Amino acid sequence: MVTDPIADYLTRMRNAIMAKHRVVEIPASNLKKEMTKILFEKGYILNYKFDEETKHQTIKIALKYHPVTKMPAISNLTRVSSPGLRKYVGVDEMPRVLNGLGIAIISTSKGLMTDKEAKSLNVGGEVLCYIS
């Protein structure tokens, strides 16, 4: 049993990127599926697949690298809110990652979304992580 599934998700991605793996396999949950969809929509990962045929559901994520320099599309994954210390923000205090170049994933009452989407919908929530 993992006490912090989001930190586990980010750590698995970070380790796979540092080892230059093409694909990383992560145990699935609805929250992780939504985070993966956001990463795909924003262009941080190449592709993803939800494996639901097996007993334990998994997410297979194809990581994205620059074709020439082989640099990863994700340079930094940082967990902000943890089970021991939650970090909530209102619309006024919405964080900006790398001066707008990165994204913050926010858990709101309207679901998981990026900081820019939350600001446009005028909702605040829990800051899960920063990705740049």
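Thr-78 sits in strand β4, residues 77–79. Helices (H or I, at least four residues) and strands (E, at least two) are DSSP runs, numbered from the N terminus. Thr-78 is partly exposed, with a relative accessible area of 30%. Buried means under 20% relative accessible area, exposed means over 50%, and partly exposed is in between (1.4 Å probe, protein chains only).

This is a predicted model, in which local features need pLDDT of at least 70 and side-chain atom pairs count only at pLDDT 80 or more, while totals for chains, interfaces and linings use all residues. Residues are numbered from 1 along each chain as its sequence is written, and side-chain values use heavy atoms, with hydrogens and water left out.

**Around Thr-78**

- Thr-78 touches Leu-10, Leu-128, Cys-129 and Tyr-130, not counting residues up to four places away in sequence.
- Contact means heavy atoms within 4.5 Å.
- Thr-78 and Thr-11 are 67 residues apart along the chain, yet their C-alpha atoms are separated by 9.2 Å.

**Overall build**

- The protein has 3 helices and 8 strands.
- From the N terminus on, the order of elements is α-β-α-β-β-β-β-β-β-α-β.
- A compact globule of 132 residues would have a radius of gyration near 14 Å, and the protein agrees with 15 Å.
- That radius is taken over C-alpha atoms, and the globule rule is 2.2 Å times the number of residues to the power 0.38.
- Along the principal axes, the C-alpha atoms fill a box of roughly 40 × 40 × 25 Å.
- Of the 132 residues, 40% count as buried.
- Take the contacts between residues at least 6 apart in sequence: 61% of them join residues at least 24 apart.

**Helix α1 against helix α2**

- The axes of α1 (residues 5–18) and α2 (residues 30–41) come within 10 Å and cross at roughly 45°.
- That makes α1 oblique to α2.
- Angles under 35 degrees count as roughly parallel, over 145 as roughly antiparallel, 65 to 115 as roughly perpendicular and the rest as oblique.
- Axes are lines fitted to C-alpha atoms, for helices over the stretch in contact, and angles run from 0 to 180 degrees between N-to-C directions.
- The crossing of α1 and α2 is right-handed.
- From α1, the contact uses Pro-5, Ile-6, Asp-8, Tyr-9, Leu-10 and Met-13.
- From α2, the contact uses Leu-31, Lys-32, Met-35, Thr-36 and Leu-39.

**Lys-37 in α2**

- Lys-37 belongs to helix α2.
- Its relative accessibility is 29%, so Lys-37 counts as partly exposed.
- Lys-37 is in contact with Tyr-48 and Phe-50, leaving aside neighbours within four places in sequence.
- Lys-37 and Tyr-48 are 11 residues apart in sequence and 8.1 Å apart in space, C-alpha to C-alpha.

**Asp-51 in β2**

- Asp-51 lies in strand β2, residues 45–51.
- Asp-51 counts as buried, at 9% relative accessibility.
- Not counting residues up to four places away in sequence, Asp-51 touches Gln-57, Thr-58 and Lys-60.

**Positive phi in two loops**

- Leu-98 has a phi near 50°, a positive value in a residue other than glycine.
- The loop that holds Leu-98 runs between β5 (88–89) and β6 (103–108).
- Leu-98 is exposed, with a relative accessible area of 53%.
- Asn-122 has a phi near 60°, again positive in a residue other than glycine.
- Asn-122 is in the loop between α3 (115–121) and β8 (125–131).
- Asn-122 is exposed, with a relative accessible area of 56%.

How values were computed. Left-handed = near helix turned anticlockwise from the far one by under 90°.
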